[in-house]
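Dear colleague,

Please find below the structure that I am handing over to you, followed by a summary of what was found in it.

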Amino acid sequence: MIEKIETLRRITEVGVVAVVRAENAETAEKISKACIEGGIPAIEVTFTVPGADNVISTLKGKFSKEELIVGAGTVLDSETARIAILAGAQYIVSPGFDLDTAKLCNRYQIPYMAGCMTITEMIRAMEAGTDVIKLFPGSAYGPKIVKDIKAPLPQVPIMPTGGVSLENVHEWINNGCIAVGVGGKLTEGAKTGDYESITKTAKAFVEKVREARSKYI
């Protein structure tokens, strides 16, 4: 239980989860390393990556607990969640809500982030013990939707994925999100092998989140 709380605390603290999609394990590892060097320890290795479970276990072996918070993304069912957890995943992220996955994650005290689009989905997910509501796809709404959701559900912890950029990340945070998930806008440098640009962009995202939060301190 303490480990679960600590995982959620650290993700919330940095405010950015790097969503890693790649055509192969080698590229996924390079992207992850670049993000970590840029100050984003929260790495979400999606199960669209071939051998995603091996990538998770490899990262766990290369980086310390202080450097890395690794999770599994695009988890569609409890079977995949179990594979990810056995590989070392510290949190599970789904594009939608799956009750069996929620139950499994609660059983092993692993944070579950479920993708939801409607108030009804969010309520059901929270009733099942979902720790963070992944507003997905965020691009379908934009940052302003967060305040509308929090009017009837002020207690909902929201993390948007999709539609988050350096230009609008401050809006997501200012409107009440505990963190943001960023994929292509962060990792696009991998397409040309420019991993230094990923590190630079990671630093910029972390700084933007810090600046947005500083207004309320």
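Arg9 counts as partly exposed, at 38% relative accessibility. Please bear in mind that the model is predicted. The side chain of Arg9 meets that of Glu6 in a salt bridge, with 2.7 Å from N to O. Glu6 is likewise placed in the partly exposed class, at 34% relative accessibility. Both residues belong to helix α1 (residues 2-14), where they are 3 residues apart, about one turn of the helix. The pair is part of a network of salt bridges that links Glu6, Arg9 and Glu13.

A search of the whole structure gives 7 salt bridges.

- Lys33 and Glu37, in helix α2, are 4 residues apart, about one turn of the helix. Their closest N and O atoms are 2.5 Å apart. Lys33 is partly exposed, with a relative accessible area of 41%, and Glu37 is partly exposed at 45%.
- Glu207 and Arg210, in helix α10, are 3 residues apart, again about one turn. Their side chains form a salt bridge of 2.6 Å, N to O. Glu207 has a relative accessible area of 33% and is partly exposed; Arg210, at 48%, is partly exposed as well.

Just after the helix, Gly39 adopts a positive phi of about 100°. The buried residues of α2 are Thr27, Ala28, Ile31, Ser32, Ala34, Cys35 and Ile36. The elements that cover them include the strands β1 (16-20) and β2 (42-46), together with the helices α3 (52-62), α9 (184-187) and α10 (195-214).

Finally, I would draw your attention to a loop residue. Gln90 sits between α4 (78-87) and β4 (92-94). Is Gln90 buried or exposed? Its relative accessible area is 13%, which is under the 20% cut-off, and Gln90 therefore counts as buried. Leaving aside residues up to four places away in sequence, Gln90 touches Thr7, Lys60, Leu68, Ile69, Val70, Gly71, Ile110 and Pro111.

With kind regards

How values were computed: Residues are numbered from 1 along each chain as its sequence is written. This is a predicted model: local features need pLDDT of at least 70, side-chain atom pairs count only at pLDDT 80 or more; totals for chains, interfaces and linings use all residues. Side-chain values use heavy atoms; hydrogens and water are left out. Buried means under 20% relative accessible area, exposed over 50%, partly exposed in between (1.4 Å probe, protein chains only). Helices (H or I, at least four residues) and strands (E, at least two) are DSSP runs, numbered from the N terminus. Contact means heavy atoms within 4.5 Å. A salt bridge is a side-chain nitrogen of Lys or Arg within 4 Å of a carboxyl oxygen of Asp or Glu.
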